[in-house]
Amino acid sequence: MLPLNQQVLRTDLAGMPLEWVDYRTAARLYFLDQVAYDCGDTLFHLRGGINVATRRRSRLRIHSIIATLGLHQALNKLQDHYVPPLCNRTLFQRDDHICLYCGGRFPSRQLSRDHVRPSSLGGRDHWTNLVTACVRCNNYKAGRTPEAAGMELLAVPFTPTHAEYVYLMGRGVLADQMAFLRAHFPRSSPLRERTVARPGA
């Protein structure tokens, strides 16, 4: 049995991933006839009250992926210039909680955000200039470039697309949701191989 905090993937009518919602929001969208179609596995069976006229009890199945009606900002998120918001949680997820200097995997509390080109040298707070680093490596690198510190990056930092960002924001992503999201990843996405190897990571 799935926990009640299991997330539902919400998409637009064309199937573009939009966001994660909880079962209450999904139920409200079903009730308001905003769900155009659903797919994936059934996550929850909700039972309501008994209708006085029909003497039938209301029931609602909530699927893992729901496509909703209405206008969304999805088209803006498909543009080349779109950059998803950046926070440590999604940055660490992008890099799989691996320090991109020493290669160790760490819990979030032992990780930090490192500017490849330091802020003091004009480095920007941008996806392509930020990597996950353990506290030890970040302290050793300090305000230097990796070259000046004699350190080598293990991977090239990249800006995720919107679909990749939705994946990074997810918690407990289910196999059917992961397959749906992966279909929206670019062919060259560094997340592709990882999500095939470890769905739900």
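Arg105 forms a salt bridge with Asp96, their closest N and O atoms lying 2.6 Å apart, where a salt bridge is a side-chain nitrogen of Lys or Arg within 4 Å of a carboxyl oxygen of Asp or Glu. The model is predicted, so local features need pLDDT of at least 70 and side-chain atom pairs count only at pLDDT 80 or more, whereas totals for chains, interfaces and linings use all residues. Residues are numbered from 1 along each chain as its sequence is written, and side-chain values use heavy atoms, with hydrogens and water left out.

**Salt bridges**

- By the rule given above, the count comes to five salt bridges.
- Arg113 forms a salt bridge with Asp125, the closest N and O atoms being 3.2 Å apart; because Arg113 lies in strand S5 (residues 111-115) and Asp125 in the loop between S5 and strand S6 (130-134), the pair ties together parts that are 12 residues apart in sequence.
- Arg113 counts as partly exposed at 24% relative accessibility, while Asp125 counts as exposed at 51%.
- The side chains of Glu19 and Arg10 also meet in a salt bridge, at 2.4 Å from N to O; Glu19 is partly exposed at 32% relative accessibility, and Arg10 is buried at 15%.

**The sheet and its hairpin**

- Four strands form an open sheet of mixed pairing in the order S2-S1-S4-S3, where helices (H or I, at least four residues) and strands (E, at least two) are DSSP runs numbered from the N terminus, and two strands pair if DSSP finds at least two bridges between them.
- The edge strands are S2 (17-21) and S3 (35-50), each of which pairs on one side only.
- Neighbouring strands of this sheet are turned by 40 degrees against each other on average, with direction ignored; axes are lines fitted to C-alpha atoms, for helices over the stretch in contact, and angles run from 0 to 180 degrees between N-to-C directions.
- Strand S1 (residues 8-11) pairs with S2 in the antiparallel sense over four bridges; Arg10 has Glu19 in S2 as its bridge partner, and Leu9 has Trp20 in S2.
- The hairpin of S1 and S2 has five residues between the strands, and Gly15 takes a positive phi near 90 degrees in this hairpin.
- Four of the five residues of S2 are buried, so this strand is largely enclosed by the rest of the structure.

**Helices on the sheet**

- Helix H1 (residues 23-31) packs on the sheet and touches S1, S2, S3 and strand S4 (57-68), its direction making about 105 degrees with that of S4; contact means heavy atoms within 4.5 Å.
- Helix H6 (residues 162-169) also packs on the sheet, where it touches S1 and S2, and its direction makes about 10 degrees with that of S2.

**Leu153**

- Leu153 is found in the loop between helix H5 (146-149) and H6, and counts as partly exposed at 25% relative accessibility.
- Not counting residues up to four places away in sequence, Leu153 touches Leu100, Tyr101, Val116 and Val131.
- Leu153 and Gln177 are 24 residues apart in sequence and 31 Å apart in space, C-alpha to C-alpha.

Notes: Buried < 20%, exposed > 50% of the residue type's maximum accessible area, 1.4 Å probe, protein only.
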